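Here is a brief report on one helix and on charged side-chain pairs. Keep the model open while reading.

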Amino acid sequence: EIDQTHYDCLYVKFKEDERPRVGETISLARALEDMLHQCSDWYQVEADGKVEVRKGRPQRIVVAEDRQGGHNVTKIANLEHFAIDPENFAKQCQKKFNTSCTVVPLPGKFEKGVEVIVQGNVVSEVLAFLKKEYNIKSQFLDKRTKGKKK
């Protein structure tokens, strides 16, 4: 049975028509579901033996094929969300793929963070490298390739 205290604590973020009335009986499953609805999303990142808890949902690492200055390039963004240092990652890619790498700010006025640009189309290799070396699961990787124009 919902009393005034439960009502005040559990139903802050709910619209008026979605709230049960004070004195109404609800199931334990519904109370648990409503309580989880009030909680904020968070995720945990473990790197170098340190564990960080971050707010929100983790953004996916975007590995995209692109053309820049007449050359094929691979752009990798959102590495910071998984506690991967972009500068260090660029150096590792430079050695592993034997190519040129740069770290640049994300395009856009309000964008925060940086992206790593690797010269050449190495999308599949970068994805395999992230999975093997950094233990990033496939569900957190976003592969974007451009189709060939005819």
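The model is predicted.

**Helix H4**

H4 covers residues 123–134. At 1.5 Å a residue, its twelve residues should span 16 Å, and the end C-alpha atoms are 16 Å apart, which agrees. Val 123, Val 126, Leu 127, Phe 129 and Leu 130 are buried in H4. Seen down the helix axis, the buried residues fall within an arc of 160°, so they line one face. An α-helix has 3.6 residues a turn, so residues three or four places apart point the same way. The cover over the buried residues of H4 includes strands E3 (61–68), E4 (71–77) and E7 (141–144), along with helix H3 (86–97). Just after H4, Asn 135 has a positive phi of about 55°.

**Salt bridges**

Side chains of opposite charge can pair when their charged atoms come close. The whole structure holds four salt bridges. Three of them are listed here, among them Asp 41 with Arg 57.

| Pair | Closest N to O |
|---|---|
| Asp 41 – Arg 57 | 3.0 Å |
| Glu 52 – Arg 54 | 2.9 Å |

Asp 41 and Arg 57 link distant parts of the chain, 16 residues apart. Asp 41 sits in the loop between helix H2 (28–38) and strand E1 (42–47), while Arg 57 sits in the loop between strand E2 (50–55) and E3. Asp 41 is partly exposed at 39% relative accessibility. Arg 57 reaches 62% and counts as exposed. Glu 52 is partly exposed, at 37%. Arg 144 is partly exposed at 45%, whereas Asp 142, at 18%, is buried. The cut-off for buried is under 20%, so Asp 142 qualifies.

Methods: Residues are numbered from 1 along each chain as its sequence is written. This is a predicted model: local features need pLDDT of at least 70, side-chain atom pairs count only at pLDDT 80 or more; totals for chains, interfaces and linings use all residues. Side-chain values use heavy atoms; hydrogens and water are left out. Helices (H or I, at least four residues) and strands (E, at least two) are DSSP runs, numbered from the N terminus. The expected span of a helix is 1.5 Å times one less than its number of residues. Buried means under 20% relative accessible area, exposed over 50%, partly exposed in between (1.4 Å probe, protein chains only). The arc is that of the directions from the helix axis to the C-beta atoms. Contact means heavy atoms within 4.5 Å. A salt bridge is a side-chain nitrogen of Lys or Arg within 4 Å of a carboxyl oxygen of Asp or Glu.
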